[in-house]
Amino acid sequence: MSLETHPSTHPPLPPTTEDDRVSWLRLLRSRRVGVATFYRLLAEHGTALAALPEVAKAAGMDDYTTCPEGVVLAEMRAARMAGALLICVTDPLYPDALRDIPDPPPILWAMGDLGALARPKVAMVGARNASSLGTRMARALAADLSKAGYVVVSGLARGVDTAAHAATVEGGTIAVMAGGVDVLYPAENAKLAGDILRCGVRLSEMPMGTVPQARHFPRRNRIISGLAGAVVVVEAAAKSGSLITARNALDQGRDVLAVPGHPFDARAAGCNMLIRDGARLVRCAADVIEALPAPAQAAAAPSLLDQIPPAPPERRTLGETADLHSRILNRLGPSPLAEDQLIRDLDAPARSVAPALIDLELDGRIRRQAGGLLSLAE
């Protein structure tokens with residue numbers, strides 16, 4: 001049984017004292033408390049930590065205990081020793097773009113030059129086993145974007161991530177980590193992780209000292225896309241973590257761009273699929289910059305809190321997304337149907353249907369065939 005529910009639409013009150021921050025951490029580190037429950041408890045109970053055992057009892061857990069204070073104090077000591085700063089979702093330093101996504105991390109641990117968090121950002125993701133051509137493309141794109149004033153966001157993984165970070169160490173880069181901000185993974189990127197701190201940031205929502213596990217990476221990916229104005233996919237297989245990041249980006253109202261690859265290279269299959277389904281094709285940094293607001297406009301904003309884009313792209317609630325998915329599946333059958341005919345039948349904007357089709361295709365629920373035809377998966 002889980003404590004999770006839909007999050008409250010009311011923002012939490014900011015933690016004004018060190019004790020408040022300890023309480024926030026204890027609540028978030030307590031068993032079965034995720035992001036949605038965290039926000040709901042703060043909105044409904046204020047002193048949410050004290051209310052948690054009763055909430056758990058009502059959910060059928062009689063022996064529930066909250067995270068001990070000593071555990072959180074030890075985490076905060078480890079952070080001080082590592083030079084990490086705790087940033088709460090209500091703090092001015094918290095990136096506005098990330099605060100705007102449906103499930104923003106309540107707290108972040110950050111190390112490095114925190115000024116990079118306020119600059120315009122582009123995410124770059126791709127294959128860990130990237131080809132020589134893929135890594136060269138990632139380096140060139142990242143370097144040119146950095147020269148144009150953008151901070152490149154990636155995940156400090158092997159392959160494309162490493163190339164993107166290495167090319168932007170001097171201009172500023174943000175590494176979003178799946179484990180603790182103090183845990184350097186993979187080990188061969190330890191020097192790069194240290195170099196990033198000179199002009200960039202290492203960022204994580206995970207507790208200090210956490211060794212990354214497979215289940216942590218999808219959570220990490222939503223932060224990568226949430227920080228950026230657009231996500232560029234350089235190389236990605238048809239089923240990969242990079243496509244999860246692309247799907248997160250679409251759900252968050254971000255632009256998705258992709259570098260095309262050879263049809264015979266499996267590492268390019270995901271990028272080619274994204275382009276086929278409407279992602280902007282990337283040949284050089286100019287193609288990316290064309291899709292983004294100019295960095296000078298963002299830098300001219302009077303404060304961090306005023307940098308929210310004036311007209312964010314359309315976003316759907318979970319209920320609206322589920323309803324659209326259901327309508328699509330009801331319209332499709334084993335016989336192929338043209339995508340444009342499906343859009344007309346649904347009487348819905350193409351910009352809303354296209355991301356939903358990508359979701360369903362990645363989930364294996366629909367198949368896309370030659371000529372823009374769609375059918376239910378067998």
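Where pLDDT is low, the predicted coordinates should not be read in detail. Over the protein, pLDDT averages 84, and 88% of the residues score at least 70.

This is a predicted model, in which local features need pLDDT of at least 70 and side-chain atom pairs count only at pLDDT 80 or more, while totals for chains, interfaces and linings use all residues. Residues are numbered from 1 along each chain as its sequence is written, and side-chain values use heavy atoms, with hydrogens and water left out.

Now for the sheets. Helices (H or I, at least four residues) and strands (E, at least two) are DSSP runs, numbered from the N terminus, and two strands pair if DSSP finds at least two bridges between them. Nine strands make up an open sheet with mixed pairing, in the order β1-β2-β6-β5-β4-β3-β7-β8-β9. Its edges are β1 and β9 (280-281), each of which pairs on one side only.

Strand β3 (residues 121-125) is mostly covered, with five of its five residues buried; buried here means under 20% relative accessible area, against over 50% for exposed and partly exposed in between (1.4 Å probe, protein chains only). In a regular strand the side chains alternate between the two faces of the sheet. In β3, Lys121, Ala123 and Val125 point one way, Val122 and Met124 point the other way, and all are buried. On one side, β3 pairs in the parallel sense with β4 (residues 151-154) over three bridges. Val122 has Val152 of β4 as its bridge partner, and Ala123 has Val153. Getting from β3 to β4 takes the chain through helix α6 (residues 132-147), in a β-α-β crossover that is right-handed, as judged with the strands pointing away from the viewer, the path from the first strand over the helix to the second running clockwise.

β3 also pairs with β7 (residues 230-233), again in the parallel sense and over three bridges. Here Met124 has Val232 as its bridge partner, and Val125 stands opposite Val233. β7 is covered on both faces: Ala230 and Val232 on one side, and Val231 and Val233 on the other, are all buried. Four bridges tie β7 to the parallel strand β8 (residues 255-258), with Val233 opposite Ala258. The chain passes from β7 to β8 by way of helix α10 (residues 241-251), and this β-α-β crossover is right-handed.

There is also an open sheet of three strands, antiparallel in pairing and ordered β10-β12-β11. β10 (337-338) and β11 (366-369) sit at its edges with a single partner strand each, so one side of each has no neighbour in the sheet. β10 and β12 (residues 373-376) run antiparallel and are joined by two bridges, with Leu337 opposite Leu374.

Arg21, Val22, Trp24, Leu25, Arg26, Leu27, Leu28 and Arg29 are buried in α1. The buried residues of this helix pack against α2 (35-45), α3 (48-58), α4 (69-82), β1 (85-88) and β2 (107-112).

His165 belongs to helix α7 (residues 160-167). With a relative accessible area of 0%, His165 counts as buried. Its contacts, leaving aside neighbours within four places in sequence, are Ser154, Gly155, Leu156, Thr173, Ile174, Ala175, Leu192 and Ile196.

Lastly, the nonpolar cores, meaning sets of buried Ala, Val, Leu, Ile, Met, Phe, Trp, Tyr and Cys residues joined through side-chain atoms within 4.5 Å. The largest has 72 residues, of which Leu27, Trp109 and Ile174 touch the most other members. Another core lies apart from it and holds 23 residues, among them Val232, Val234, Leu257 and Ala285.

Methods. Contact = heavy atoms within 4.5 Å. pLDDT = per-residue confidence, 0-100.
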